[in-house]
Amino acid sequence: MNRERVIRRYSAGERCHHWLLASSFILTGLSGLAFFHPGLYWLSNLFGGGTWARMLHPYFAMVTVLAFLTWFIRIRKDMHITADDRKWATHIPEIMRNRMDNAPATGKYNFGQKMLARTQLLLILLLLITGVIIWQPLFADAFSVDLRRVAVLVHALSAFAAVLSLIVHVYAAIWTSGAISGMLSGRVTSAWAQYHNRLWYEEKMQQARDAAVRPDLGGNTVG
Amino acid sequence: MALQSLDISARSATTTPAPKARKTPELAKLIDISKCIGCKACQVACMEWNDLRDTVNRNVGVYDNPADLSAQSWTVMRFAEVEPAPGKLEWLIRKDGCMHCSDPGCLKSCPAPGAIIRYSNGIVDFHQEHCTGCGYCIIGCPFNIPRISEQDGKAYKCTLCSDRIAVGTEPACAKVCPTGAIVFGTKEDMRLHAAGRVQDLQARGYSQAGVYDPPGLGGTHVMYVLHHADRPGLYSGLPKDPVLSPLVSLWKGVAKTVMNVGLATAVLAAFFHYVSQGPNKEHNEEEVA
């Protein structure tokens, strides 16, 4: 009887980091959406009213920016776009229809995940810069009204794109069975890894074999 | 901030009709710059009636005092020494403050429901108890008027003495003006009065005299009579042909609609993708080579 093997995908530190980022992103998003459209103003009640939402939003945002940038530094080595990734991108229409078999194998992250994270990096930086320019009462008065007009528009557009990117990210995690429990427990099954991220799976297997031959190399991640 | 009204023509961040059972005639304040002597009685009357006391500041070398509008100074006389023609010095004194636009950029920009109100009489009023202090009114205003208080974080500006007008009297500045440079009445009457003043000024050699009632903002409920209506910039940078910034119109207009629809579509698309395609799940056990 083949006991199902699990592979550690995220360490406890990485999981905490991810969920800190997720919480601050959601708090920033909800407090910001309150000002995005009158129909969403009720969201400000979650934070104790409009004034509280306005005051808290930039501080939630600072946590998000720090958590995101450090997260991106953490995963940056897996963010390079390879030739296989570009090939993978041409298979997106069939992947969306749940047919993965012809798509090239991927590393720890696939092309979509890499592009999403890179887009989010750009958006976070845009939101940070434009957000500082319109931050009342700390910084806004230091900038001209003309500049603030540009900033507030870019802020709204990038916020829209950022929320859209979160919807894509959350949905992709729901759609991909096992992804959410992977981020909660840190563990995925080896079948999952083989199916979704074959190159990463093989790398892990190689590490395990090396560790078996040379225990001094560590790599005690498969078990 | 006024009593509850039933004659509201627009309310910030509100997508349903405001209470508008009553309709009042459009009112306007007319400031005839050719009659202003710069005595600042209007500033004092504004402080008195609205019970505002700005902090005493430094003299900056000109008569402007205080040097700028603030949460405690809702109107300021701006003094400009200009030479409209070579060798012909003129001292142009403009009473600066909220223009009470028909299409107010502050109201359009404000994200807080009911923090900015436009009454059917044309007054644009801030209701500070709904204000969150985000500063978007400053971003939307084409005249750079609203100021956020350092004390309470709320935005303030001229109310056109909405509380006085509600009980049938005129703004404090108009009441006190010793030369009659500030007059108040229905917009129609004020336009008529202004036309007479313009005719008089033109007869006296100011061929470019005219009324400042910028059509790009749907007209304003504070109007100026200018001797040099062709060059409003002479009057301490009064903007020529002001309009709402296209950035603000885009931000609060089509962009918001497109973005709202976009977000809703994304959520629906995700849901129906799952329902139609099912979860993305590995089909097999691990294949061990």
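Chain B has a radius of gyration of 25 Å, whereas a compact globule of 289 residues would have one near 19 Å; the radius is taken over C-alpha atoms, and the globule rule is 2.2 Å times the number of residues to the power 0.38. The model is predicted, so local features need pLDDT of at least 70 and side-chain atom pairs count only at pLDDT 80 or more, while totals for chains, interfaces and linings use all residues. Residues are numbered from 1 along each chain as its sequence is written, and chains are lettered from A and ligands numbered from 1 in the order in which they are written.

Along the principal axes, the C-alpha atoms of chain B fill a box of roughly 100 × 45 × 40 Å. Chain B contains 8 helices and 11 strands, where helices (H or I, at least four residues) and strands (E, at least two) are DSSP runs numbered from the N terminus. Of its 289 residues, 42% count as buried; a residue is buried if 20 or more other C-beta atoms, placed from the backbone, lie within 10 Å of its own, exposed if 12 or fewer, and partly exposed in between. Among contacts in chain B between residues at least 6 apart in sequence, 61% join residues at least 24 apart, a contact being two C-beta atoms, placed from the backbone, within 7 Å.

Strand 3 (76–85) and strand 4 (residues 88–96) of chain B run antiparallel and are joined by 8 bridges; two strands pair if DSSP finds at least two bridges between them. Val76(B) has Asp96(B) in strand 4 as its bridge partner. The hairpin of these strands has 2 residues between them, and Gly87(B) in this hairpin takes a positive phi near 80°.

In the contact between the chains, 37 residues of chain A meet 41 residues of chain B. On the side of chain A that touches chain B, helix 2, helix 6 (145–175) and helix 8 (190–196) each supply at least two residues. Helix 6 of chain A gives the largest share, 15 residues. By residue class, this side of chain A divides into 22 nonpolar, 10 polar and 5 charged; Ala, Val, Leu, Ile, Met, Phe, Trp, Tyr, Cys and Pro count as nonpolar, Asp, Glu, Lys and Arg as charged, and the others, Gly among them, as polar.

Within chain A, the axes of helix 2 (residues 50–75) and helix 5 (residues 111–133) come within 10 Å and cross at roughly 145°. Axes are lines fitted to C-alpha atoms, for helices over the stretch in contact, and angles run from 0 to 180 degrees between N-to-C directions. Residues of helix 2 of chain A in this contact include Phe68(A) and Phe72(A), and those of helix 5 of chain A include Leu121(A) and Ile124(A). The contact comprises 10 nonpolar, 2 polar and no charged residues.

Most residues other than glycine have a negative phi, and most peptide bonds are trans. The peptide bond from Gln136(A) to Pro137(A) is cis, with omega near -5°, and Pro137(A) is in the loop between helix 5 and helix 6 of chain A. Asn65(B) and Pro66(B) are also joined by a cis peptide bond, with omega about -5°. Lys40(B) has a positive phi near 65° and is partly exposed, with 18 other C-beta atoms within 10 Å. Ser236(B) has a positive phi near 50° and counts as partly exposed, with 17 C-beta neighbours inside 10 Å.
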